[in-house]
Amino acid sequence: MLALEEFAAVAQKVSTERTTLQNLLRELDYTRNIAYMGNLFELKMKASYSAVLQKQIELSRLRLIKLEKEMEIKRLELVEKMRDRQLLENLKGKAWIKYKKEAEREEQLFLDEIGVTHFSRKEGESL
């Protein structure tokens, strides 16, 4: 089922992006919490790295929002396709029941015709 595969692919992307965001947040937290033991240059590098991490976090959050919206769209498509499939299954079931009833009716008519013919022959023989 194509819709299921598309949903699974987007769900995997969402999961990957969430992991990426968590890793970036941990890295930023770690960077902020390490003790400053160096010179001014190292302090500027730490601040610059923190700014880069914050920008990456913001971009990751935007990607995650976009992917979650896409996942919701794919989920709705999947639900609709599953509903359509169930409807088709129900229609097939009803058509099969109708076909069986019609076949049974025709078989009964055939058997009745044989019974009438057989009865007529017996009546003709007894006269």
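**Salt bridges**

Begin with the charged side chains: in this predicted model, a search of the whole structure finds six salt bridges. Side chains of opposite charge can pair when their charged atoms come close.

Select K74 and E6 and display their side chains. The two meet in a salt bridge, with a separation of 3.3 Å from N to O. This pair links distant parts of the chain, since K74 belongs to helix 2 and E6 to helix 1, 68 residues apart. Are the two partners buried or exposed? K74 counts as buried because its relative accessibility is 18%, under the 20% limit for that class. E6, with a relative accessible area of 29%, is partly exposed.

Next, select E68 and R18. Their side chains also form a salt bridge, at 2.8 Å from N to O. E68 is part of helix 2 and R18 part of helix 1, so this bridge ties together parts that are 50 residues apart in sequence. Both partners are partly exposed: the relative accessible area is 29% for E68 and 39% for R18.

For a bridge within one helix, move to R75 and E72. The closest N and O atoms of this pair are 2.7 Å apart. How far apart are R75 and E72 along helix 2? They are three residues apart, which means a separation of about one helical turn. R75 is partly exposed at 34% relative accessible area, and E72 is likewise partly exposed at 36%.

**The overall fold**

Zoom out and colour by secondary structure. The protein contains two helices and zero strands. Its radius of gyration is 36 Å, well over the 14 Å that the globule rule gives for 127 residues, so the protein is more spread out than a compact globule. Along the principal axes, the C-alpha atoms fill a box of roughly 130 × 20 × 15 Å.

K13 itself lies in helix 1 and, at 47% relative accessibility, counts as partly exposed.

Switch to a surface view. The accessible surface comes to about 10,700 Å², and carbon and sulfur atoms account for 60% of it. Buried residues make up 13% of the 127 residues. Of the contacts with a separation of 6 or more, 81% are between residues 24 or more positions apart.

**Helix 1**

Select residues 2-33, which form helix 1. This helix has 32 residues and reaches 47 Å from its first C-alpha to its last, close to the 46 Å expected at 1.5 Å a residue. Which residues of helix 1 are buried? They are A3, V10, V14, E17, L21, L24, L28 and T31. Keep this selection, as several of its members return in the next two stops.

**The nonpolar core**

In soluble globular proteins, nonpolar side chains tend to be buried together. Here, select V10, V14, L21, L24, L28, L53, I57, L64 and L67; these nine residues make up the largest nonpolar core. Helix 1 and helix 2, the latter spanning 40-126, each supply at least two residues of this core. Which helix gives the largest share? Helix 1 does, with five residues.

Centre the view on L53, a member of this core. Apart from its neighbours within four places in sequence, L53 is in contact with L24, E27, L28 and T31.

**A buried serine**

Finish at S60, which lies in helix 2. Is S60 buried or exposed? It is buried, because its relative accessible area is 0%. Display the residues around this serine: leaving aside neighbours within four places in sequence, S60 is in contact with E17, T20, L21 and L24. Of these, E17, L21 and L24 are among the buried residues of helix 1, and L21 and L24 also belong to the largest nonpolar core.

Note on methods: Residues numbered from 1 in each chain as written. Predicted model: local features only at pLDDT ≥ 70, side-chain atom pairs only at ≥ 80, totals over all residues. Heavy atoms only, no water. Core = buried A, V, L, I, M, F, W, Y, C linked by side-chain atoms within 4.5 Å. Buried < 20%, exposed > 50% of the residue type's maximum accessible area, 1.4 Å probe, protein only. Helix = DSSP H or I, 4+ residues; strand = E, 2+ residues; numbered from the N terminus. Contact = heavy atoms within 4.5 Å. Salt bridge = Lys/Arg side-chain N within 4 Å of Asp/Glu carboxyl O. Rg over C-alpha atoms; globule rule 2.2 N^0.38 Å. Areas by Shrake-Rupley, 256 points an atom, 1.4 Å probe, with all protein chains shown as cover. Expected span 1.5 Å × (residues − 1).
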